[in-house]
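Subject: Structure handover

Hi,

Here is the structure I promised to pass on. Please open it alongside this note. My findings follow below.

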Amino acid sequence: MIIKGISASPGISMGKAIIKNSQATQIIKMQIGSVDKEIDRLKQGIEKSRFEIEKIYEKTLQTIGEEEAQIFQAHLLILEDVTLYDDMVGFIQREAVNADWAVQTIAKQYITLFENMADEYMSARAADIKDVSQRIIRKINQIEEWEVSEVGDAGILFAEDLTPSDTANMASSISGFVTEIGGKTSHTAIIARTLEIPAVVGVGNMLPTIQSGDYVIIDGETGIVVVNPAEETINIYKQKKQTYEEEKKALTQLIGVPSVTLDGKKIEISANMGTVDDLAGVLKFDAEGIGLFRTEFIYMESDHLPTEEEQYETYKKVAETMQGKPVVIRTLDIGGDKELSYFKLPKEMNPFLGYRAIRLCLDQTEIFMTQLRALLRASAHGNIKIMFPMISSVDELRSAKVLLEEARQSLIKEGVAYNPEMEVGMMIEVPSAAIISDILAKEVDFFSIGTNDLIQYTTAVDRMNEKLTQLYTPYHPAVLRLIKQVIDNGHRADIWVGMCGETAGDAKLIPVLLGMGLDEFSMSPSAILKARSVVNTTDSKLAACTIGTLLNQGTAEAVMGLV
Ligand code: PEP
Ligand code: MG
């Protein structure tokens, strides 16, 4: 069986399928004969859950850290809660119902209670109760457990969806994954590329057709998944895998080689990163800087809003590791597909158009100031540049700069060191910003074009929706015209213009972007050497001659043909 999905992260993996069923277990209410027997089932369910949570706690403590392990300590406390237990037992006795039905009913009451608490910390505990009660129900029904960190080696994970943190946690424990939903620029896909895990997303409803243990091949380059392939197909893919690995190896010759076009223009090829762990890839692939540090991942990894000190240490470490190379740190861009477990965002119809990123930071100034102070302090230790996300108007940019100035003043007052020359830039990822980029350019030191969002906002195509993959494309002439306009406006105001959306790493489009005059390209570390090979074999002046024709094409297909 062949399934076609969206290529999310290149490379070929072969191995056994591991299915993650994310649906909550269906519970049916039953009248039971023996109350004692049901109470016994409940006790056993709790006991088995305790054993399992203790194991996960130990493992998390050893492999991830103290803070993350605390989550499972909290789960143990819920499990040992006498009131909760008494309520469940009481319910079984009163109603003469099955144990799992009692767990579900009582847990629901507690979940509602906690969800409605005004205190954010307390309301976030509802998720823990849900998690624990689901585990007890699974144990009562002897349903096999699934833990992302426990997926065995070489397995290929199949899931309806994975959260960005699921993906980050998997690290080296799987050899590839396939999800039913999601697009190429979802953060799950981006993390997969950073971790160099082959991945295919957006394959549609396929979980029912695959069984755990099926032998599967995934081709992250073409988005193809082959289930139970014939021997000759396996051999073809083995060959393909070998060629891919060889090409990858050949590119390592470009490590240490500067990125310069044939006509002598020096280009900066930088890396995108989310967590300090990504630095290994940044160094391995010889990034010339960091073009985008998505700081929201620091917030997502934590179970509380990271303090100024915690953030300062992280930014300082990144700046020092990069030894004077530029490090563009983007302020908190939460919302959209990035959530925080401990900080509840309002439920919105359109989270990508909602209360997110700079909008949230300008509203919750305390959170923003903590980050700005940490960034400024860290700027004393390296070549840090700060960048604001999701700017859609001049007012927003000015308000952000006013707060940055306030943070600066507070440090001056305290006599704390920072770099007064630190560059301040903004992302261009909203069409309104691209359209007034001539005005915005006068107020910043650089632009970085965020095509992941710019494409979705310009063409009104959700970047996460697998049904719209054909429509979501940087080749749309409207997107390319906006990019050209932004680069020209930036250069007229004498500022540099980079790109940190996934388009920057699209080897086919790099010559076009060079022709448009883009100065900096920032991408997943694993895409850097390929990008360098394209830059070093392109004449940007020659490429520039083709841009006019390209921008006059009516369709993305026509552009693609010309490219
Ligand atoms: C972008 O929108 O292009 C971008 C780089 O930001 P993110 O992918 O984090 O939204
Ligand atoms: Mg964005």
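Is the crossing of α13 and α14 right-handed or left-handed? It is right-handed. Keep in mind that this is a predicted model.

**Helix pair**

Two numbers describe a packed pair of helices: the angle between the axes and the distance between them. Here, helix α13 spans residues 365-378 and helix α14 spans residues 394-414. Their axes come within 9 Å and cross at roughly 60°. An angle under 35 degrees would count as roughly parallel, and 65 to 115 as roughly perpendicular. The two helices are therefore oblique to each other.

The contact involves side T365, F368, M369, L372, R373, L376 and R377 of α13. Across from these, α14 contributes A400, L403, L404, E406, A407, R408, S410, L411 and E414.

**Magnesium site**

Ligand 2 is a magnesium ion. E429 (OE) and D453 (OD) coordinate the ion, at 2.0 to 2.1 Å. These two residues sit 24 residues apart and link distant parts of the chain. E429 is in the loop between β13 (424-428) and α15 (431-435). D453 belongs to helix α17, residues 451-459.

The cut-off for buried is under 20%. Water is not among the atoms, so the site may look incomplete.

**A loop serine**

S302 is in the loop between α10 (296-301) and α11 (308-321). What does the side chain of S302 reach? It reaches the backbone oxygen of H304, at 2.7 Å. S302 counts as buried, at 11% relative accessibility.

**Positive phi values**

- N228 has phi near 45°, a positive value in a residue other than glycine. N228 is in the loop between β8 (224-227) and α8 (231-251). Its relative accessible area is 47%, so N228 is partly exposed.
- A460 has phi near 55°, again positive and not in a glycine. A460 lies in the loop between α17 and α18 (477-492). At 67% relative accessibility, A460 counts as exposed.

Over to you.

Best wishes

Technical notes
Residues numbered from 1 in each chain as written. Chains lettered and ligands numbered in written order. Predicted model: local features only at pLDDT ≥ 70, side-chain atom pairs only at ≥ 80, totals over all residues. Heavy atoms only, no water. Donors = N, O, S within 2.8 Å, 3.2 Å for Na, K, Ca; no water. Helix = DSSP H or I, 4+ residues; strand = E, 2+ residues; numbered from the N terminus. Buried < 20%, exposed > 50% of the residue type's maximum accessible area, 1.4 Å probe, protein only. Polar contact = N/O pair within 3.5 Å; in protein donor to acceptor, adjacent residues only side chain to side chain. Axes fitted to C-alpha atoms, helices over the stretch in contact; angles between N-to-C directions. Parallel < 35°, antiparallel > 145°, perpendicular 65-115°, else oblique. Left-handed = near helix turned anticlockwise from the far one by under 90°. Contact = heavy atoms within 4.5 Å.
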